[in-house]
Amino acid sequence: MASVPTPARKFVYFAGTLLFLCLISLPLADHYLQIAPDVYLMENDPTTLPDFSITHLFKSFNVLQRGYLEKTFGFRKLLVRMENVLDIFRLRAVNQYQTVIKGKGDWLFLSQENNDLNVIQDYRSVRLFSLAQLERWVNIYRARYEWLANRGIRYLIVVAPNKHTVYPEFLPPQFNKVSSVSRTDQLLSALEAAGVPVLDLRPTMNKVKRQALAYYRTDTHWTTFGAFAGYVQIMKRLGRWFPQFEPDIRGDFDIAITPDLNGGLASMLALGDYFPESRVTFTPRFQRKAVETAATHPIPPYFQPTVVMDTHDASRPNVVVFRDSFAHELIPFLSEHFNKTTYLWPYPSTSREVRFFDKPFIEKEKPALVIDEFVERYFTEFPAKTPPAQ
């Protein structure tokens with residue numbers, strides 16, 4: 001015979017049910033009342049949900065299945081922050097499939113950037129290029145070099161190293177290297193053997209780190225110290241073709257270090273307050289000549305808008321730079337040396353498609369120089385099977 005619940009047990013049942021209903025109602029309540037605390041989480045915004053209608057029904061379904069609800073439910077950012085506090089500071093959980101991992105001290109590292117790209121696996125050299133893959137990359141870059149050379153245009157590939165390559169001593173100890181040779185080593189050696197001009201900035205960053213912070217602890221990018229050293233090496237290399245460049249390298253800057261950096265990796269964890277960092281700023285003691293002018297080049301098929309810097313000095317050459325986010329800190333330095341500098345930001349190479357190389361734009365601009373700037377992790381992506389877009 002079943003026992004009759006006591007009043008105390010009934011109260012526990014009722015309180016538990018009420019608490020459960022309150023908790024599952026919180027996201028909906030936040031949607032209307034905005035009661036969740038403000039938490040800064042760096043992530044891509046979801047696609048906007050179209051107004052409901054029969055004609056937009058299929059489009060609305062696509063938006064929903066691509067993560068709209070996952071990114072917009074109430075208290076989500078707070079829950080992400082609480083999960084990361086638990087993982088990092090209580091459980092000390094680290095695995096290579098996390099988007100961001102905590103290394104030694106307060107060092108953060110990018111790991112699983114997307115479904116195709118795991119930076120930790122790249123650092124460990126888990127997979128190297130096959131001879132066929134290496135040959136494909138060499139053929140792509142050699143074809144660009146030869147196409148430009150036939151038009152009297154110089155070409156230089158610039159590779160900015162991953163933070164993992166420069167500061168491996170701060171990675172968690174379980175992420176050891178499988179091979180002493182990396183895909184970067186393979187591709188750089190093959191390009192040099194093929195006569196394609198390439199500048200490897202790894203040795204430069206290793207020199208910088210002995211005297212200053214080359215990369216931010218809480219971001220994936222180099223500091224202005226690292227970017228300035230990279231700029232100097234680029235200009236010295238270009239001095240072989242443009243002798244006027246090297247004497248023009250300026251070093252007269254006031255350096256400021258201010259505690260106001262919200263590092264990208266810390267922000268991806270919603271833990272910017274747990275990982276404070278100072279920003280490095282170079283302020284010139286001279287009047288900059290390069291000014292930003294309106295860009296007429298449309299965004300598609302580019303990832304970010306085009307930036308055009310102009311010194312209005314027709315005695316200097318024009319340059320087109322294919323870039324990624326590492327060029328952001330280079331722009332103020334490089335632009336001073338050219339008449340017109342056009343920075344194009346294509347989508348990075350993936351296993352399905354090679355980074356866009358805009359031949360029609362180059363033929364229209366007729367620059368004296370084209371620079372292909374890559375961060376290491378995008379430079380060493382496995383080549384796509386489809387021909388590169390032109």
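1. Is Glu353 buried, partly exposed or exposed? Glu353 is partly exposed, because its relative accessible area is 45%. The cut-offs are these: buried is under 20% relative accessible area, exposed is over 50%, and partly exposed is in between, with a 1.4 Å probe and protein chains only. Glu353 sits in the loop between β10 (340-346) and α12 (359-365). Its C-alpha atom is 7.7 Å from that of Pro383, and the two residues are 30 apart along the chain.

2. Basis of the note. This is a predicted model, in which local features need pLDDT of at least 70 and side-chain atom pairs count only at pLDDT 80 or more, while totals for chains, interfaces and linings use all residues. Residues are numbered from 1 along each chain as its sequence is written, and side-chain values use heavy atoms, with hydrogens and water left out.

3. Overall layout. The chain has 13 helices and 11 strands. Both are DSSP runs numbered from the N terminus: helices are H or I with at least four residues, strands are E with at least two. The C-alpha trace spans about 95 × 55 × 50 Å along its principal axes. Of the 390 residues in the chain, 46% are buried.

4. Salt bridges. The count comes to 19. A salt bridge here is a side-chain nitrogen of Lys or Arg within 4 Å of a carboxyl oxygen of Asp or Glu. Side chains of opposite charge can pair when their charged atoms come close.

5. The Arg76 pair. Arg76 and Glu43 meet through their side chains in a salt bridge, at 2.7 Å from N to O. This pair links distant parts of the chain, 33 residues apart: Arg76 is in helix α3, and Glu43 is in the loop between α1 and α2 (57-72). Arg76 counts as buried because its relative accessible area is 12%. Glu43 has 27%, so Glu43 is partly exposed.

6. Asp372 and Arg144. The side chains of these two residues form a salt bridge of 2.8 Å, N to O. The pair links distant parts of the chain: Asp372 is in strand β11 (residues 369-375) and Arg144 in helix α5 (residues 131-149), 228 residues apart. Both Asp372 and Arg144 are buried.

7. Asp372 and Arg355. What is the distance between the closest N and O atoms of Arg355 and Asp372? These atoms are 3.1 Å apart, and the two residues form a salt bridge. Arg355 lies in the loop between β10 and α12 and Asp372 in strand β11, so the pair ties together parts 17 residues apart in sequence. Arg355 is buried because its relative accessibility is 4%. For Asp372 the value is 0%, so Asp372 is buried. Salt bridges with shared partners join Arg144, Arg355 and Asp372 into one network.

8. Cavity. The count is 1 cavity of 30 Å³ or more. A cavity is a set of points, on a 1 Å grid over the protein atoms alone, where a 1.4 Å probe fits but cannot get out; lining residues have an atom within 4 Å of a point. Points are joined across faces, edges and corners, and the volume is the space filled by probe spheres set on them. The largest cavity has a volume of about 30 Å³. Its lining is Val158, Ile234, Val321, Ala327, Leu330, Leu334, Ile371 and Glu373. These residues divide into 7 nonpolar, no polar and 1 charged. In this tally Ala, Val, Leu, Ile, Met, Phe, Trp, Tyr, Cys and Pro are nonpolar, Asp, Glu, Lys and Arg are charged, and the others, Gly among them, are polar.

9. Nonpolar surface patch. A patch of about 1,100 Å² is made by Leu19, Phe20, Leu21, Leu23, Ile24, Leu26, Leu28, Tyr32, Leu33 and Ile35. Patch residues have over 30% relative accessible area and no salt bridge, and nonpolar side chains (Val, Leu, Ile, Met, Phe, Trp, Tyr) are joined within 5 Å. Areas come from the Shrake-Rupley method with a 1.4 Å probe; for residues, only the protein chains shown count as cover. Leu33 lies in helix α1 (residues 7-33). Leu33 is exposed because its relative accessible area is 60%.

10. Backbone points to check. Most residues other than glycine have a negative phi. Arg92 is not a glycine, yet has a positive phi of about 50°. Arg92 is in the loop between α3 (76-90) and β1 (100-102). With a relative accessible area of 64%, Arg92 is exposed. His312, also not a glycine, has a positive phi of about 60°. His312 is in the loop between β8 (302-310) and β9 (319-322). His312 counts as exposed at 58% relative accessibility.

Methods. Patch = residues over 30% accessible without salt bridge, like charges linked within 9 Å, V, L, I, M, F, W, Y side chains within 5 Å. 1 Å grid on protein atoms, 1.4 Å probe; cavity = no way out; pocket = protein on both sides within 12 Å on 5 of 7 lines; lining within 4 Å.
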